[in-house]
Amino acid sequence: MDEDDTEELTEDQKEEKQHAEFVRMADQSLDRFRDTHSDTQQQFIVDAYVATGEIPVGEAFGIEEVEAAVVETAFSQHLDRNVLRQHGLNLQTYFEHVDEADYPALRRAAAKGEWHVFHGHAQAIAAARKDGSAYSD
């Protein structure tokens with residue numbers, strides 16, 4: 001697709017194209033990660049991410065900053081596009097109602113691809129927002 005074709009795309013199509021590119025790059029990074037890290041190394045890095053909210057980067061971890069940023073962006077986009085929107089939420093409205101103490105459990109669910117956890121959580125938040133019983137920070 002050349003530049004002229006890109007200019008003819010709608011905003012939604014451009015957003016979809018950008019999202020697809022992030023997914024492709026994130027998949028490549030995750031595949032490389034699985035191929036170059038032992039199960040023990042993978043678990044260590046996932047545990048660090050769950051505890052801190054940041055993917056450890058640098059030569060010692062065998063992960064480049066750009067790879068971590070792409071994977072984090074792809075996770076966020078997936079959560080927003082494929083989970084939260086279905087419940088009338090976005091990342092901002094969702095996190096207004098999430099207790100920080102729950103972040104590690106949510107990060108672990110994201111790392112495992114357990115998106116059903118987010119669906120259930122988002123559904124409860126959306127219902128509470130609708131009936132006025134939702135809390136926020």
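Colleague: What share of the residues of the protein count as buried?

Modeller: Of the 137 residues, 29% count as buried, where buried means under 20% relative accessible area, exposed over 50% and partly exposed in between, with a 1.4 Å probe and protein chains only. This is a predicted model, in which local features need pLDDT of at least 70, side-chain atom pairs count only at pLDDT 80 or more, and totals for chains, interfaces and linings use all residues. Residues are numbered from 1 along each chain as its sequence is written, and side-chain values use heavy atoms, with hydrogens and water left out.

Colleague: Which elements make up the protein?

Modeller: There are 7 helices and 0 strands, taken as DSSP runs (H or I of at least four residues for helices, E of at least two for strands) and numbered from the N terminus.

Colleague: Why is His37 called buried?

Modeller: His37 has 10% relative accessibility. The limit for buried is under 20%, so His37 counts as buried. His37 lies in the loop between α2 (11-36) and α3 (39-52).

Colleague: What makes the pair of His37 and Thr36 a polar contact?

Modeller: Their side chains are joined at 3.0 Å. A polar contact is a pair of N or O atoms within 3.5 Å; within protein, one must be able to donate a hydrogen and the other to accept it, and residues adjacent in sequence count only if both atoms are side-chain atoms. A polar atom of the His37 side chain also lies 2.7 Å from the backbone oxygen of Phe61. Leaving aside neighbours within four places in sequence, His37 is in contact (heavy atoms within 4.5 Å) with Gln42, Ile45, Phe61, Gly62 and Ile63.

Colleague: How many aromatic pairs are there?

Modeller: The count is 5. Rings of Phe, Tyr and Trp (its six-membered ring) pair if their centres lie within 6.5 Å; planes under 30 degrees apart count as stacked, over 60 as edge-to-face and the rest as tilted.

Colleague: Why is the pair of Phe75 and Trp115 called edge-to-face?

Modeller: The ring centres of Phe75 and Trp115 are 6.2 Å apart and the planes stand at 75 degrees, so the pair is edge-to-face. The pair links Phe75 in helix α4 (residues 65-82) with Trp115 in helix α7 (residues 115-131), 40 residues apart. Ring pairs link Phe75, Trp115 and Phe118 into a cluster.

Colleague: Is Trp115 buried or exposed?

Modeller: At 17% relative accessibility, Trp115 counts as buried.
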